[in-house]
Amino acid sequence: MRADAVEVRHVPVGELGEVRMGKQLSPASRAAHEQFPYLRVANVFDGYIDYSNIKSMGFTQAEREIYTLRSGDILLNEGQSLELVGRSALYDHNDNKLCFQNTLIRFRAGAEVMPEYAQAVFSRWLETGVFSAIAKKTTSIAHLGADRFSRLLFPLPPLQEQRKVTQVIESMTAREKTIKASIAKLGAIRSSLREELNETELDHLGTIITFGPQNGLYKPESAYGGNGTPIVRIDSFTGGPSDLTRGLLRVDATPREIEHYGISAGDIIINRVNTPGLVGKSTMVSNLSEPTIFESNMMRCRVNLDKALPEFVEAWLSSATAKTYFRTQAKSAISQASINQHDIRACPFPRLNLNEQRAFLRRLTTVGQRIAFEEAALHKMKMIKQGIVGNLLNS
């Protein structure tokens, strides 16, 4: 039943429950003898709480009575990036062990509103920009503000209707979780396939490289604009198969530069400079819609097609073994790390013939297709859920 088919009052959030900021972290609380666990922004995501990385600080007995969380409490990100401010989750523990920091706002529902329904409304407000519209931005952080949050008008149908809404949402969320579990299982299978290659005899990547590694083209920021030649940068791909035919920045480049730094189908592109966890991130160039070049913080290799399939090289460079190798070889400088041509040529590489590589790729492709099917189903489910929830909440 739609929420707009029944009486829906619009009541300020602060009149429907308790709104409270958490305790501020201070030198005194860090140094306190008795330390107690607390939740912070890093623990609260949209619809769930991550309990894997919980910090501690000092709380007096009186503070614990104020800040201890109870099952049914809703935590919202008070300080976050603008698009994530107000991100919320329902606290479902009942052990009286956890408190919360002032980077979070707690909403403790009163008798007129179900916590599950309130969290659904807050999640909808995040999605539709209600929170970002009232947030106060300072530097790169936006603050929701307990007072501003308290004044928001909350759509309040009778409890019976709230219960119907939450039952529909819970049913669809359960289906989402089932699909996510299937994707995670298939992802684990894909990872184990890649790691099976470790059981083969390993050689080095340099044995199958016929050209490169070659550094890309450096251009000053002023050379970038709406016209020019598409250029692949470190944020143009995530690792593994990628689409380099759209979404690229453009740069002024001479015909000689385009010839020297132009990429071709089958080329392997590897980040030589990135954060420590992403250095060595790689992709294979597949189709190109126009001449395209690559930037100086990456390197390009071409492989001997009599010895290796570019698709196989791409798959191997996405394995944990290759990623770990590049991390161990990387030279760190502040927040960045780098590798050089020698590091790439010395990267371990399975000694398999072309038929063995094709057989591996067929198995990997089969799993990848199943993952893509599940991801499409998950996306469709999310779109349906957003539409249904939007109608139910009449927002």
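Start by selecting strands β16, β24, β20 and β22: in that order, these four strands form an open sheet with antiparallel pairing. Strands here are DSSP runs of E with at least two residues, helices are runs of H or I with at least four, and both are numbered from the N terminus. Two strands count as paired if DSSP finds at least two bridges between them. At the edges you will find β16 (209-215) and β22 (282-284), each pairing on one side only.

Before moving on, a word about what is on your screen. This is a predicted model, in which local features need pLDDT of at least 70 and side-chain atom pairs count only at pLDDT 80 or more, while totals for chains, interfaces and linings use all residues. Residues are numbered from 1 along each chain as its sequence is written, and side-chain values use heavy atoms, with hydrogens and water left out.

**Next stop: strand β20**

Select residues 268-271, which make up β20. Towards β24 (residues 298-303), the pairing is antiparallel and spans four bridges. Show Asn 271 and you can find its bridge partner in β24, Met 298; Ile 269 stands opposite Arg 300 of that strand. Now turn to β22, which runs antiparallel to β20 and is joined to it by three bridges. Here Ile 270 has Ser 282 as its bridge partner.

Are the faces of β20 covered or open? Both are covered: Ile 268 and Ile 270 on one side, and Ile 269 and Asn 271 on the other, are all buried. Buried means under 20% relative accessible area, exposed means over 50%, and partly exposed lies in between (1.4 Å probe, protein chains only).

**Then: the cysteines**

Select Cys 301, which is buried with a relative accessible area of 2%. Its sulfur lies 10 Å from the closest cysteine sulfur, in Cys 347, and this is too far for a bond. The structure holds zero disulfides, a disulfide being a pair of cysteine sulfur atoms within 2.5 Å. Cys 99 is worth a click too: it is buried, with a relative accessible area of 0%.

Select residues 310-317 for helix α8, where seven of the eight residues are buried, so the helix is largely enclosed by the rest of the structure. Among those buried residues are Phe 312, Trp 316 and Leu 317.

Finish at Lys 185 in helix α6 (residues 159-196). Lys 185 is exposed, with a relative accessible area of 61%.
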